[in-house]
Amino acid sequence: MVKSAKALLVEDDVELSASVRDFITDFLDVDQVYDGEEGEFAASQGIYDLIILDLMLPGKNGYDVLKSLRKQHLETPVLILTAKDGIDDKLHGFNVGADDYLTKPFHREELIARIKALLKRSGHFYQENVLTIGQLSINLQNRSVTVADDEIRLNGKEFDLLVYLVENQNTIITKEQIFDRLWGFDSETSITVVEVYMSNLRKKLKPYQADKMIKTLRNVGYMVEVTA
């Protein structure tokens with residue numbers, strides 16, 4: 001398994017957060033936040049493939065965070081990870097929009113299995129490590145892109161940009177989402193870097209006419225459009 005998915009971990013216990021990150025960092029890129037309000041803000045950007053959410057958080061509890069995210073129509077899978085093990089707690093978690101619920105203490109293997117199951121269900125866990133769209137083939141393992149037998153050489157962020165768009169084909173991705181996903185919230189780089197990398201990516205795909213699958217929605221963002 002290679003890292004193409006990105007998770008948000010919302011857990012106020014710093015040591016536990018570090019342990020969970022270490023458990024899953026082999027197959028997930030993980031951002032960590034430590035309170036409910038910060039977690040809600042980060043999650044609402046729509047750049048994550050999975051959210052791991054504690055319930056007893058400072059600032060805003062996990063139930064209210066999840067309820068707010070679902071009201072915003074954010075469909076990112078959410079795994080609640082909590083010490084609240086009562087049946088009423090679990091039912092409430094599912095009722096406000098959780099996709100899975102795991103109580104503390106937990107076994108590392110079960111956490112990993114549940115995370116991978118959620119990623120598979122949402123299409124972000126690739127057993128073959130290859131994405132294919134038309135004649136374009138993206139190898140996530142060796143980070144190569146080919147059309148037929150020709151390799152298209154992409155640098156790191158160009159490759160990441162293409163993968164992000166293809167993983168979300170037929171979905172509009174804003175420039176802000178691309179910037180936050182690839183460069184991070186705290187990057188000092190200007191958001192105009194997205195346009196620069198998009199232009200470079202298009203130029204490299206153009207000789208194979210693969211650039212035509214990337215549609216620009218003026219003042220909104222981009223979309224890889226795939227028709228049946």
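How are α7 and α8 oriented to each other, roughly parallel or roughly perpendicular? This is a predicted model, where local features need pLDDT of at least 70 and side-chain atom pairs count only at pLDDT 80 or more, while totals for chains, interfaces and linings use all residues. Residues are numbered from 1 along each chain as its sequence is written, and side-chain values use heavy atoms, with hydrogens and water left out.

Start with that helix pair. Helices (H or I, at least four residues) and strands (E, at least two) are DSSP runs, numbered from the N terminus. The axes of α7 and α8 cross at roughly 90° and come within 9 Å; axes here are lines fitted to C-alpha atoms, for helices over the stretch in contact, and angles run from 0 to 180 degrees between N-to-C directions. So α7 and α8 are roughly perpendicular to each other (angles under 35 degrees count as roughly parallel, over 145 as roughly antiparallel, 65 to 115 as roughly perpendicular and the rest as oblique). Lys-175, Ile-178 and Phe-179 of α7 meet Val-193, Val-194 and Glu-195 of α8, where contact means heavy atoms within 4.5 Å. That contact has four nonpolar, no polar and two charged residues (Ala, Val, Leu, Ile, Met, Phe, Trp, Tyr, Cys and Pro count as nonpolar, Asp, Glu, Lys and Arg as charged, and the others, Gly among them, as polar).

Helix α8 (residues 193-205) also packs against α6 (residues 156-167), at an angle of about 85° and with the axes 10 Å apart. This pair is therefore roughly perpendicular too. On the α6 side, the contact includes Leu-161, Leu-162 and Leu-165, and on the α8 side Tyr-197, Met-198 and Leu-201 are among the residues involved. By class, the contact of α6 with α8 comes to seven nonpolar, one polar and three charged residues.

Now for the domains. The chain is split into domain 1 (3-120) and domain 2 (128-222), with bounds that come from an automatic or database domain assignment. Their centres, taken over C-alpha atoms, sit 27 Å apart. Nine residues of domain 1 touch eight residues of domain 2.

The largest pocket has a volume of about 490 Å³. A pocket is an open set of points on a 1 Å grid over the protein atoms alone, where a 1.4 Å probe fits, with protein on both sides within 12 Å along at least five of seven lines; lining residues have an atom within 4 Å of a point. The volume is the space filled by probe spheres set on the points, and grid points are joined across faces, edges and corners. Of the 22 lining residues, Gly-46, Tyr-48, Glu-75, Thr-76 and Asn-168 lie nearest the centre.
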